[in-house]
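Here is a briefing on a predicted model. Have the sequence and the coordinates open as you read.

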Number of protein chains: 2
Amino acid sequence: MAQKAKAKNLLFRPHFKTHQSAAVGEWFRDAGVTAITVSSVQMANYFAKHGWDDITIAIPVNILEINQINALAKKIKLNLLVENRDAMTQLAKFIKSPVGLFIEIDTGHNRTGIMASKTNQIDNLFEIIKQNPAIQFKGFLTHAGHTYQAKTRHEIYNFHFDALLKMRSLKSRYKKDWPDLIVSMGDTPSQSICENFDGVDEIRPGNFVFYDLMQLKLGSCNFEDIAIRLVCPVIAKHGSRNEITIYGGAIHISKDSIINIDGKSLYGQIVVRQGKEKILLDEKNYLCGMSQENGILKITYKDFHLINVGDLVEIIPVHSCLTANLMGSYYTTEGEHLPMIPKAHEHSSSRAKAST
Amino acid sequence: MAQKAKAKNLLFRPHFKTHQSAAVGEWFRDAGVTAITVSSVQMANYFAKHGWDDITIAIPVNILEINQINALAKKIKLNLLVENRDAMTQLAKFIKSPVGLFIEIDTGHNRTGIMASKTNQIDNLFEIIKQNPAIQFKGFLTHAGHTYQAKTRHEIYNFHFDALLKMRSLKSRYKKDWPDLIVSMGDTPSQSICENFDGVDEIRPGNFVFYDLMQLKLGSCNFEDIAIRLVCPVIAKHGSRNEITIYGGAIHISKDSIINIDGKSLYGQIVVRQGKEKILLDEKNYLCGMSQENGILKITYKDFHLINVGDLVEIIPVHSCLTANLMGSYYTTEGEHLPMIPKAHEHSSSRAKAST
């Protein structure tokens with residue numbers, strides 16, 4: 001991905017929300033990366049502590065975190081994201097330290113962002129941006145996350161190209177007022193397979209660091225590109241229903257699923273260890289269900305003997321971001337332990353928190 | 001639940017996997033609880049450190065954790081669960097410290113356990129149990145988790161009564177050889193609504209500590225019994241599609257869902273704060289989708305004005321166990337912070353671990 005960005009003269013600002021690990025971050029530094037993307041102030045603080053000084057928080061600003069944002073913006077080059085007048089007004093009022101600002105554009109994902117055609121809403125934001133000189137407008141940012149709903153690779157190309165045109169039209173419209181504005185795009189499917197990035201200045205893919213079965217199904221990667229597995233002990237075998245139980249469930253893998261060839265929900269594929277050899281079982285064998293700590297593997301009669309109680313099997317997850325987040329650290333295939341961001345046990349009133 | 005157990009002369013051994021908190025555990029101690037259930041060795045170690053000395057690990061024993069099990073069994077009264085010959089053989093070979101042993105019976109959930117009718121398999125386990133005097137047979141344990149698939153309360157009664165009969169028949173069959181054997185049952189739906197526990201000695205419900213929307217849908221609880229909410233900041237409003245975006249997603253709430261009245265997936269219901277007042281919005285307003293850090297609320301035109309950017313809304317989760325596990329701690333309505341079990345950042349080779 002770093003090579004692709006370089007070849008196309010794009011700033012490569014990878015999203016670190018998938019791996020959430022300072023140790024994995026160093027791999028990116030080795031590839032020449034100096035600027036990153038995260039999805040929370042908490043994550044920005046963690047990576048800032050680990051030497052990253054150019055960070056974009058690519059989620060519409062949560063104004064309740066203004067104190068933490070001000071504190072962090074004193075220390076590093078921090079970029080924020082805004083998509084509505086209310087948050088913009090509050091930000092302009094309360095931000096004290098210099099920050100870069102992106103306006104989020106909705107190019108079809110319909111989650112957050114201003115529709116590219118609603119330039120009056122964009123103009124409104126500019127009026128407020130100008131009120132506070134601490135805010136430096138950086139450009140337009142989009143996450144074309146609807147590529148995750150694509151049914152074919154062709155559809156990914158279409159979604160990407162449509163988003164590209166929308167971003168380019170905004171760039172030309174506002175270039176006279178903001179000659180340095182940049183266009184930032186960031187979803188793994190399009191950035192893995194598309195080649196046309198004319199008019200784009202920055203890309204922010206994240207999931208590609210590990211990929212997963214969802215990306216494989218979309219056509220963003222090949223099987224051998226998937227670089228994460230959950231190693232699980234086998235605790236029970238039930239031949240009468242072709243099922244094997246692993247110690248590994250919803251609190252380890254997460255419940256994201258894709259539809260398998262048999263029309264049922266698939267939560268992971270299975271790699272069996274045979275001595276030093278590893279065998280990838282076909283899709284007739286899969287993780288078919290989970291409770292909190294248990295997973296159920298559906299295993300064909302042919303392969304049932306390959307797995308025994310006390311073995312370790314490897315599960316290839318459907319959504320690597322969620323599995324990584326649940327596990328909290330990694331081991332490399334060489335056995336090195338890679339810690340991730342520590343889970344916050346002190347929650348401030350400004351972030352999501354559980355209340356009993 | 002403690003009162004119900006007492007009235008029916010049942011040992012109340014609540015499952016602590018839902019709350020995973022020593023602080024919440026103290027509430028149970030205040031209600032007279034002295035014996036508990038957990039779902040992992042890690043959880044057993046955590047509660048043992050917090051003064052619990054009678055713990056059942058209610059998941060089929062993971063023999064790869066034998067060293068940790070031996071270490072813990074030296075310190076407390078530890079009960080293990082077995083359901084197959086392979087694990088039983090290994091356990092009998094390697095267990096050094098005295099442990100209690102339950103045989104898991106499958107009463108219809110079809111996840112783990114020996115079918116009640118397969119007494120030859122049970123007899124086989126007894127042959128192995130007898131080989132190691134450190135192992136003390138305690139009785140038969142079942143989790144009638146198929147009550148979670150019940151479509152009516154009536155079906156919960158049926159599943160429970162069927163499981164009860166199976167457990168009772170095993171008790172009478174083996175009572176002459178093991179006069180002290182007990183029958184242990186443990187699922188929140190049946191233990192919340194059923195009244196007939198004749199022949200049962202112990203109950204192990206867990207989820208009832210907080211309940212959730214899934215339990216409400218099953219009829220196990222009323223709305224006012226649900227004692228957990230995720231408080232989330234509002235970051236965007238999109239009137240054109242009646243959607244509001246919160247900072248709170250799959251890594252905070254988890255992706256368990258139920259089917260809403262409109263046939264779509266519902267991931268949570270919404271409570272709006274109006275000054276000191278709290279308003280529960282009806283099911284036409286709900287958490288309809290999530291990405292890693294974001295959630296999308298579908299909000300009716302009528303209620304759209306009740307929620308604004310910068311507000312905090314409260315999400316009632318579908319599955320409280322998973323939400324609690326993701327958040328890692330609680331605040332009480334009085335503002336007290338209740339920590340949970342720290343997430344392990346050092347994974348041993350004997351438990352599930354992420355591999356990159």
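A:Asp162 and A:Lys166 sit four residues apart in helix H7 (residues 153-174) of chain A, so about one helical turn separates them. Their side chains meet in a salt bridge, 2.9 Å from N to O. A:Asp162 counts as partly exposed because its relative accessibility is 33%. A:Lys166 is also partly exposed, with a relative accessible area of 27%.

**Salt bridges**

- Over all chains, the structure holds 34 salt bridges.
- Side chains of opposite charge can pair when their charged atoms come close.
- B:Asp201 and B:Lys171 form a salt bridge through their side chains, at 2.9 Å from N to O.
- B:Asp201 lies in the loop between helix H8 (188-193) and strand E9 (202-203) of chain B, while B:Lys171 lies in helix H7 of chain B, so this pair ties together parts that are 30 residues apart in sequence.
- B:Asp201 has 24% relative accessibility and counts as partly exposed, whereas B:Lys171 has 12% and counts as buried.
- A:Arg13, A:Asp54, A:Lys77 and A:Glu202 are joined into one network by salt bridges that share partners.

**Interface of chain A and chain B**

- The contact involves 80 residues of chain A and 80 residues of chain B.
- The size of an interface is often given as the accessible area lost when the parts come together.
- Chain A and chain B bury about 6,600 Å² between them.
- Carbon and sulfur atoms account for 56% of that buried area.
- Between chain A and chain B, 16 residue pairs are in polar contact, counting pairs with both residues at pLDDT 80 or more.
- Strand E10 (residues 229-238) of chain A gives the largest share of the side of chain A that touches chain B, with eight residues.
- Four salt bridges are found across the interface of chain A and chain B.
- B:Arg241 forms a salt bridge with A:Asp106, with 3.6 Å between the closest N and O atoms.
- B:Lys255 forms a salt bridge with A:Asp256, and here the closest N and O atoms are 3.1 Å apart.
- B:Lys255 lies in the loop between helix H10 (250-253) and strand E12 (258-259) of chain B, and A:Asp256 lies in the loop between helix H10 (250-253) and strand E12 (258-259) of chain A, so the pair joins two chains.
- B:Lys255 is partly exposed at a relative accessible area of 22%.
- A:Asp256 is buried at a relative accessible area of 10%.

- Strand E7 (residues 135-142) of chain B is mostly covered, with six of its eight residues buried.
- In a regular strand the side chains alternate between the two faces of the sheet.
- Strand E5 (residues 99-106) of chain B pairs with E7(B) in the parallel sense over six bridges.
- B:Phe137 in E7(B) has B:Leu101 standing opposite.
- E7(B) also pairs in the parallel sense with strand E8 (residues 182-185) of chain B, over four bridges.
- B:Met185 in E8(B) is the bridge partner of B:Thr142.
- From E7(B) the chain crosses through helix H7 (residues 153-174) of chain B to E8(B), in a right-handed β-α-β crossover.

**Two buried positions**

- B:Thr18 is placed in the loop between strand E1 (11-12) and helix H2 (22-30) of chain B.
- B:Thr18 counts as buried because its relative accessibility is 0%, against a cut-off of under 20%.
- The B:Thr18 side chain reaches the backbone nitrogen of B:Asn207 at 3.4 Å.
- Beyond its neighbours within four places in sequence, B:Thr18 is in contact with residues including B:Gly206, B:Val209, B:Phe210, B:Ser320 and B:Tyr330.
- A:Ala44 is placed in helix H3 (residues 41-49) of chain A.
- A:Ala44 counts as buried because its relative accessibility is 0%.
- Not counting residues up to four places away in sequence, A:Ala44 touches A:Val38, A:Ile55, A:Ile57 and A:Leu72.
- A:Ala44 and A:Ile69 are 25 residues apart in sequence, and their C-alpha atoms are 9.5 Å apart in space.

Terms used. Residues are numbered from 1 along each chain as its sequence is written. Chains are lettered from A and ligands numbered from 1 in the order in which they are written. This is a predicted model: local features need pLDDT of at least 70, side-chain atom pairs count only at pLDDT 80 or more; totals for chains, interfaces and linings use all residues. Side-chain values use heavy atoms; hydrogens and water are left out. Buried means under 20% relative accessible area, exposed over 50%, partly exposed in between (1.4 Å probe, protein chains only). Two strands pair if DSSP finds at least two bridges between them. A crossover is right-handed if, with the strands pointing away from the viewer, the path from the first strand over the helix to the second runs clockwise. A polar contact is a pair of N or O atoms within 3.5 Å; within protein, one must be able to donate a hydrogen and the other to accept it, and residues adjacent in sequence count only if both atoms are side-chain atoms. Contact means heavy atoms within 4.5 Å. Buried area is the accessible area (1.4 Å probe) that two parts lose on being put together, summed over both.
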